[in-house]
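Let's walk through this structure together, starting from the overall layout and moving towards the details. Have the coordinates open as you read.

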Amino acid sequence: MKKIFIFFLLALTFSFTGNAQEEISLKGKQLFGDMRARQIGPALMSGRINDLESHPTNPRIIYAGTAGGGVWKSNDGGATFAPIFDEHVQSIGVVTLDPTNPDQNIWVGTGETWTRNSVSIGDGLFKSIDGGANFEEVPGFENSERITSVVINPKNNQEIYVGVLGALWGDSTDRGVYKTTDGGASWNNILYVGPSTGASDVIMDPTNPNILYASMWQFRRSGWGFNSGGINSALYKSTNGGASWDKIHTGFPTGQLGRIAVAVAPSDASILYAVLETEDKSKNGLWKSLNAGKSWEHLNNDFGLVVRPFYFSRIVIDPKNPDIVLKGGLNGSISRDGGATFKNLGNMHSDIHDLAFHINDSDMIFSGTDGGVYRSWNGGTTFEIVENLPLSQFYHISVDDAVPYNVYGGLQDNGSWYGPSSSPGGVNARDWNSVGYGDGFRVLKHPTKNIVYSEMQGAENVWRYDIDRNRTKTIQPLPKKGDPELRFNWNAPMAVSNHQPDRFYMASQFLHVSENMGDSWTIISPDLTTNDKQKQDQSKSGGLSVDNSGAENHTTIFTIAESPLDEKIIWIGTDDGNVQVTTNAGESWSNVTANLTGIPANTWVYHIEASIHGKGTAYAVFDGHTMGDMKPYAMKTTDYGKTWSSIISKDIQENAFVRNIQEDYVNEDLLFLGTEMGLYVTIDGGKGWSHFTNNMPPVAVHFIDMQKRTNDIVMGTHGRGVIILDDISPLRELNQDVLSKKVHFFKTNPFTMLEESGFAGSFGAETQFVGPNKSTAARIIYYLKKRHTFGKMTMELQDMQGNKVLSLNPGKSKGINIVDWNFNTANPKMAAAKTLSFGGFTSPRVPQGQYKVVLKKGKQTFEHIIETKYDSNSLTSLEERKEQEALTQTMFNMVEDLAYLVYKIGQIQQKANQVIAAKGKATKEAQKILTTTEALRKDLVITSGDNYVATAEPELRERMGALYSNIATSYDRVDGSLKSNFELINEEYEREKARFQKIMAKEGKKFMKVLEKNNLGMPSIKTKKEFLTKD
Amino acid sequence: MKTLRTLFIAIILMAVAPMTAQTADEILNNYFENTGGISAWNALEGTKMIGSANAQGMEIPIEMYQMKDGKQLLKINIQGQEMTQYSFDGETMWTTNFMTMLPEKSDAETTDNMKKNVGDFPSPFLNYKEKGYTVEYLGKETKEGTETFKMKLTQKPVMVDGVEEPTVSFYYFETENYVPIMSESQIPSGPQKGQMSVSNFSDYQEVGGLYFPFSISMSGQGITMKEIVLNPEADATMFAFPTAVEEKIEDKK
């Protein structure tokens, strides 16, 4: 009573502090409560690694800074990794451990530094002083975009140098080399060359912390080209802690330089290696200095040394031997003769960005690639992949309507794939299927046939893959006589029709449509882009080193959206800023770009979502990052693009540029926004947005799809694989009325009690990533206005008559709580024995029907009804199911009845032992009853042995328990074998019960009589009901 | 008297809630004062907690003893069989092997680590300075949907697989009432090493003037207390490694 009073008092106290009329606006974690995202990987093809960092003294610890998936730490020498940077931007430039306190102090410079077209952006400099448990942003680098180096004086950790490469798509003064002498409180820019030139490497002499080397790189990327090199690129040296810098180019060719890699030998500070990109091809590649940079000698311009400098400028020198040199590259290279000659590293995923020697044993080498981290044990000849880094970088994903549904998508440099959203034992690497080579982008399932469309970069190949027959056909639109050259985006758009299953769309500068799954194509639009010729010459892209991979193809269509309401309404968006719409299947097009108030000209139209809530309604998101504009843009129209309104609010981080939007098909106000900084959700049509961060890092979300049957939001992230937000339907119900309630239960559809019972081998799971499955349990979802902390709160499941089925553990979070119930009732009470009866751990399933959820909070009770239903794929008829349930109940009762019998025997024996111990009267009778009941007990339960190989032969309890479990867990009808076994067990039990009765009638009666006569007290025996009561 | 105390607590909660600037010690003081008072917590010699671990139909009765001198044990009851999940008598830590149902001593490292942090009862925060722990207030954070003070607790370093490592955990005190509602501690070893193991605390109720969470969820496993006994009788032999078994093992040698 007192507790209730306290609670009441507390409630009273606080109810006066808030204004009841005030609008409740919950954001982020307060709103989502314990709705958590589910990360299913895959790690099979991992993702791009930017930087590796070894602990200087503890070989068990190694860090991987990834291009789009945060920072991962291994505590077991690289066998497995775990993420430690999930609350911050996921694009990482560099990870540096403080040499004076490497266990605690970790510096993370964000923003990847291998500046390909698809790179993400960073968001400053971060520091942990507790081994990575928490990170805080270090002020001063908010606009750094990409940090290449953090160098800490090993003799004074207050003195730190930071190399900032800076903005990729525009001018910036936040570049160059920065220094602090107060541990990061204040910074000075000590080497700045110009607004387009950043620091690509800053290193320190291993013996003298006043000697520094810095390579400066002039570079620029646009949506349609890349330029590496210029007169500002140079290699600098300082001998006075950065107070002054001198170019050290003696021996280098004159003219423009590109990206320069530089490294100093840890074992000999006079030896430097540099990799140069110059105007003279014969002088590109590896240079070496034997006098700490006074002069340089050119050693090697093999392919591996000159390939794509913007992507592969990393030299790593063996810590003990200055002649052993590793170089990143397409395959990676190793020299064992001081750089004179090189051979390729062993087979692994291509595109090696960083390498690291084991600190004690140079035979062990770690490699960071476009496909994850690899380890070599034999000096770089054989490599094995780390199998638990789910860093996959999706450009696009889609889902089908299978049960469980599959997720389809294409990956940066890792092909195209599909895999299940749930799988026995979790989503394993082996569950994923390859459906395309090269860089993978869009992958779409045919709506009705078991056929998948996939593509590689620039639609060089578009495949139609017949899964059942294992046949592939190449179907990309090709120019016919009279057509101009087709311009496909690197990430070329494709779409399947919502209305005609065989209709398939693709787009170059034109919209192409096929009515026969890509066998033949018709162009149904004019050039819908700006067709700006200045943005169309990619043959010279790259700067000093031509890099015409097709990645910069521009003035192309990027998104196609056919209205789900009308097949004649089609929207397209282009990479150069046009939004066009047709309402007559392409006969005529309206360019509605001019109506996009507030969107800068030529801003990339990244996605258009044609709404299900109105024919004229659509959403368009715009991504200006390739013009240096990181702002979020999302617009909505309801009149076919004549007018648009922005649905962006201030809640969205200012540099979270938008790549995708997904509407809910039920509630028009519920929208999901995929940004470079993670997922945002609005429940009021964009007036306010909440960042979703429950088990969801702020990773770049490139594409969102919604699985309509399950109401799951499925995200293709560019760095953390597929992330799923299971069943968002509760969000549909949120409104002021709900938010102001103390407790609100969300509506749920009847839950199917799936009857699946397959096998799931877990081989390899020790070191492999396994994605968790979607829960198949009933989800009881409720909103709490306030976190429950004081007083009792319980949840019980009852049948409609109010009988308890079982207790559940309710969540107590403010916001949304989700409690899983796996349809089980309580398990039976088993007879006590020497060992465990595993059958007794089985809890029977409930029959289909309605159940009451009773939530008691303090003195208040809240009730909600949920419904369960049988699996429509059941092997049994309803009648057979009912028979199975009845027999389960019979066995359940029998098991508990036996438990009570054994209990009674135990209590009688306890009394008998007391009497025997007292050595008084009735000893003889006590001995007799003890002997007879013990003989019986030994036939009823196991009385010796253990739970493993010393186990005794099963007795009645064990056999009865096993039969009970077999029947209770059967999804098939109870037939032949089980029924005859039931007869056997039942008869045996009847016999043993009769035996007990007989003993009680004879030895028992005598014993009781003598107890009574001598006033020795009766055995204390609970009623059966008392015995079985669990609470 | 009880009503008075209740009223007092309610008033304190109301009074301290609007304060903004906080130090770690202020937060901890408020916590101890709101839940019974520091002297009452200091006077506590031990607890016996009786409850059950509940997992989808299976309710496993548990009994946990925690004593001021570091002795502790956890007993569970499965199918009428009582077994000691773990026990520590101040010197020896032991568990029950599930296969043989016999007691086995924990490895030296685990036992030593247990010894290093015996001062956790009734709360590692009580007199933490004397115990050689440090506590740091890291700022406010939303946990369980509600605003909390995030506190970092550093206990004595432990040995993990032969290497000394710090013992760090984070506690989240609800700003409204200053009681911890969540803790996170780094998993010390194994493939999950470094990941956070999360416990939630709720259903605080009064026992003999002190407030305890009657509902605890450890990494998703719910534990509900039915009864908490203060200063229980606890025979030292309860915690000791069973000697009979020790002799048996000796015999075999």
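In chain A, 57% of the contacts with a separation of 6 or more join residues 24 or more positions apart; a contact here means that two C-beta atoms, placed from the backbone, lie within 7 Å. Before going further, please note that this is a predicted model, in which local features need pLDDT of at least 70 and side-chain atom pairs count only at pLDDT 80 or more, while totals for chains, interfaces and linings use all residues. Residues are numbered from 1 along each chain as its sequence is written, and chains are lettered from A and ligands numbered from 1 in the order in which they are written.

Chain A has 10 helices and 66 strands, taken as DSSP runs numbered from the N terminus (H or I of at least four residues for helices, E of at least two for strands). Along the principal axes, its C-alpha atoms fill a box of roughly 120 × 70 × 65 Å. Of the 1031 residues in chain A, 53% are buried, that is, they have 20 or more other C-beta atoms within 10 Å of their own, with C-beta atoms placed from the backbone.

One sheet is worth a look. Strands S31-S32-S33-S34 of chain A form, in that order, an open antiparallel sheet, where pairing requires at least two DSSP bridges between two strands. S31 (394-399) and S34 (433-436) of chain A each have a single partner strand, so one side of each is left without a neighbour in the sheet. S31(A) pairs with S32 (residues 406-411) of chain A over 5 bridges, and A:Ser398 has A:Tyr408 as its bridge partner.

How does the span of helix H6 (residues 878-918) of chain A compare with what its 41 residues should give? The expected span, 1.5 Å times one less than the number of residues, is 60 Å, and the end C-alpha atoms of H6 in chain A are 60 Å apart, which agrees. After H6(A) comes A:Lys919, with a positive phi near 55°.

Finally, 41 residues of chain B are in contact with 50 residues of chain A.

Notes. Buried ≥ 20, exposed ≤ 12 C-beta atoms within 10 Å, placed from the backbone.
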